[in-house]
Amino acid sequence: MMPIYYHCPRCQSLQVKERERSVFCPRCELNFDKKFLQILEDGDILANEELEGIIDVFAEDTDESDDVEDVFG
Ligand SMILES: [Zn+2]
């Protein structure tokens with residue numbers, strides 16, 4: 001398996017924290033879904049926080065509790 005090195009699509013920082021399904025950038029304080037990082041151009045990627053704002057308009061609560069842990073790790 002080739003290791004995948006994630007970076008923040010917003011500030012290009014490599015200092016990101018990898019999680020099970022997402023990558024957190026401490027500098028931007030945003031989470032990005034790994035699926036998006038692998039298939040989309042940086043400029044097309046929305047942070048989970050931004051997506052949640054959009055989704056909330058259409059759907060019921062989409063609480064992802066794993067997005068808030070590890071922030072201080
Ligand atoms: Zn960033």
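The chain has 2 helices and 3 strands, where helices (H or I, at least four residues) and strands (E, at least two) are DSSP runs numbered from the N terminus. This is a predicted model, in which local features need pLDDT of at least 70 and side-chain atom pairs count only at pLDDT 80 or more, while totals for chains, interfaces and linings use all residues. Residues are numbered from 1 along each chain as its sequence is written.

We can begin with the strands, which are said to pair if DSSP finds at least two bridges between them. The 3 strands make an open sheet in the order β1-β2-β3, with antiparallel pairing. Its edge strands are β1 (17-18) and β3, each of which pairs on one side only. Between β2 and β3, which run antiparallel, there are 4 bridges; F24 stands opposite N31 in β3, and C25 has L30 of β3 as its bridge partner. These two strands, β2 and β3, form a hairpin with 4 residues between them, and in the turn E29 has a positive phi of about 55°.

What packs on the sheet? Helix α2 (residues 48-58) does, touching β2 and β3, and its direction makes about 80° with that of β3. Such an angle runs from 0 to 180 degrees between N-to-C directions, with axes taken as lines fitted to C-alpha atoms, for helices over the stretch in contact. Two residues are in contact if their C-beta atoms, placed from the backbone, lie within 7 Å.

A residue counts as buried if 20 or more other C-beta atoms lie within 10 Å of its own, as exposed if 12 or fewer do, and as partly exposed in between, with C-beta atoms placed from the backbone. Of the 73 residues of the chain, 16% are buried. A nonpolar core is a set of buried Ala, Val, Leu, Ile, Met, Phe, Trp, Tyr and Cys residues joined through C-beta atoms within 7 Å. The largest one here has 8 residues: C8, V16, V23, F24, C25, L30, F32 and A47. Both β2 (22-25) and β3 (30-33) supply at least two residues of this core, and the largest share, 3 residues, comes from β2. Leaving aside residues up to four places away in sequence, F32 touches P9, S22, V23, L37, I45, A47 and N48.
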